[in-house]
Amino acid sequence: MHRRTRLFSVAVAATTVILVTGCGGRGGETEGAATTSGDVKVDFGVTDDTIHLAALTDSTGPYAALGSAATQGNQAAIAAVNKAGGVCDRELDLEVRDHGYNAQNAVAQYSQVAPDVVGLVQVVGGAMVSAIEGQAAADDMLLMSPSGEPPLLNKPNVMLVGSTYDIEVINGLSWLMSEGKLEAGDTIGHIYVDGGYGQPALLGSKFMAEQHDLKLVEQAVEPTATDLTSQVLALKKAGVDAVAISTGPAAVGSAVGVAAAQGLDVPFVTGMPGWSSALLDTPARDALVKNLFVAQNFLAFADDKEIAKDLRAEFPDAPITIPTSLGYAAVRVFVEALEQACENGDLTRQGLVEAFRSLESSDSGGHSVENDYTILDKSPSRDSFVLGVDPDVDGGLTTLTKTPYTADADIAAYYKE
């Protein structure tokens, strides 16, 4: 694995803790001002025997499938950690709130849980993160966002697990070139949702076009689009040799299926938000097996590595999805930060943020790509696993790159290093 220059020197160490007047911890053991519990400093959400965490998720709104699966992953990781003895001689406890993908609800719920927790292992929805992030920063509250949006990178208290959307596209297209599926001078298409996912992803394909003399044909779609016939026909007319697609799964299935029906036999590469195993139950199944590749931040569930086997064992009777994997990995990173904070003797919120930002090589125990959280303004990872579609394995994806793939030269040029 590559090493990157340490750019973040725990600047938050000088940050004044802004406390909410009158906030009390569970059982009155933590009243805001730092106290000592055992051998460590604590303030919010940490008692003598428990570390309290929270998740602000979507269980009933438009992203209920994502939120519920991520929560399953959170809970599975917490159960595994507690079974192994917990952290700092304490068990982890998770409070789950459903904001229904409503920012106003998320703000109210944050105010309700903030006095009692040391961190948020999940905040689903870019609008929800934006709505609470300012107060969370003032509170020194570490929060995990499942988004890969680059604007979150300069926020010291926000955790992303893996590469941002632009880096995923760079890695995906670079991998196609390394496999001879795309060559310099070719034409590429990029179908993208015009928003927080698609616009950053488009930056990746624009950069690759500049670097490798590729002609880029853009096709923007609405987030609700499920029939991409017109976009695919436009790409076919342009003579594309490969397609990057940054949309939800339904649109991915439509695009790949329509391409096959129209004789456009080219590889498609998508990122983590573009895949769902439910696509295997659609008419596009065979085309997806042949032509879709996924550049994402986690191993395939069917991988033979022990960490993947451990995750599958946590869900013997329930389907595992990519958000499940993300939720699992997020808690694992939180645990690494908590363990470092314990070692530092400081389990306060500020101490947890400082410990998090000191992690130079975090990979969720081997489950995710490697992350360097000592840097700001750049993706915490430059790696992606590249996966192919396999309907015969758990989760429908198989890992094609047994070690994470990195477009080193391209990404270094992207960051002008």
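## A pair of strands

I191 stands opposite Q219, a residue of strand β9. In this predicted model, β9 is joined by 7 bridges to strand β8, which covers residues 187-193. The two strands run parallel.

## The sheet

Strands β8 and β9 belong to an open sheet of 7 strands. The order across the sheet is β9-β8-β10-β11-β12-β13-β14, and the pairing is mixed. In general, strands of a sheet pair through backbone hydrogen bonds, either parallel or antiparallel.

Which strands stand at the edges? They are β9 (215-221) and β14 (397-399). Each has a single partner strand, so one side of each is left without a neighbour in the sheet. From one strand to the next, the twist averages 25 degrees.

## Helices on the sheet

Helix α4, made of residues 165-178, packs on the sheet. The strands touched by α4 are β8, β10 (242-246), β11 (268-271), β12 (292-296) and β13 (385-389). The direction of α4 makes about 135 degrees with that of β12.

Helix α5 spans residues 198-212 and lies across β8, β9 and β10. Relative to β8, helix α5 runs at about 170 degrees.

## Salt bridges between elements

Side chains of opposite charge can pair when their charged atoms come close. How many salt bridges does the structure hold? There are 6.

One of them joins the side chains of K206 and E218, at 4.0 Å from N to O. This pair links distant parts of the chain, with K206 in helix α5 and E218 in strand β9, 12 residues apart. K206 is partly exposed, with a relative accessible area of 35%. E218 is also partly exposed, and its relative accessible area is 36%.

Another salt bridge is formed by K290 and D265, whose closest N and O atoms are 3.0 Å apart. K290 lies in helix α8 (residues 285-291), while D265 is in the loop between α7 (249-261) and β11, so the pair ties together parts that are 25 residues apart in sequence. Is K290 buried or exposed? K290 is exposed, because its relative accessible area of 52% is over the 50% cut-off.

## Further charged residues

E95 forms a salt bridge with R97, and the closest N and O atoms of this pair are 3.0 Å apart. R97 is partly exposed, with a relative accessible area of 22%.

Which residues are linked in a network of salt bridges? The network consists of K378, R382 and E417.

Key. Residues numbered from 1 in each chain as written. Predicted model: local features only at pLDDT ≥ 70, side-chain atom pairs only at ≥ 80, totals over all residues. Heavy atoms only, no water. Pairing = 2+ DSSP bridges. Helix = DSSP H or I, 4+ residues; strand = E, 2+ residues; numbered from the N terminus. Axes fitted to C-alpha atoms, helices over the stretch in contact; angles between N-to-C directions. Contact = heavy atoms within 4.5 Å. Buried < 20%, exposed > 50% of the residue type's maximum accessible area, 1.4 Å probe, protein only.
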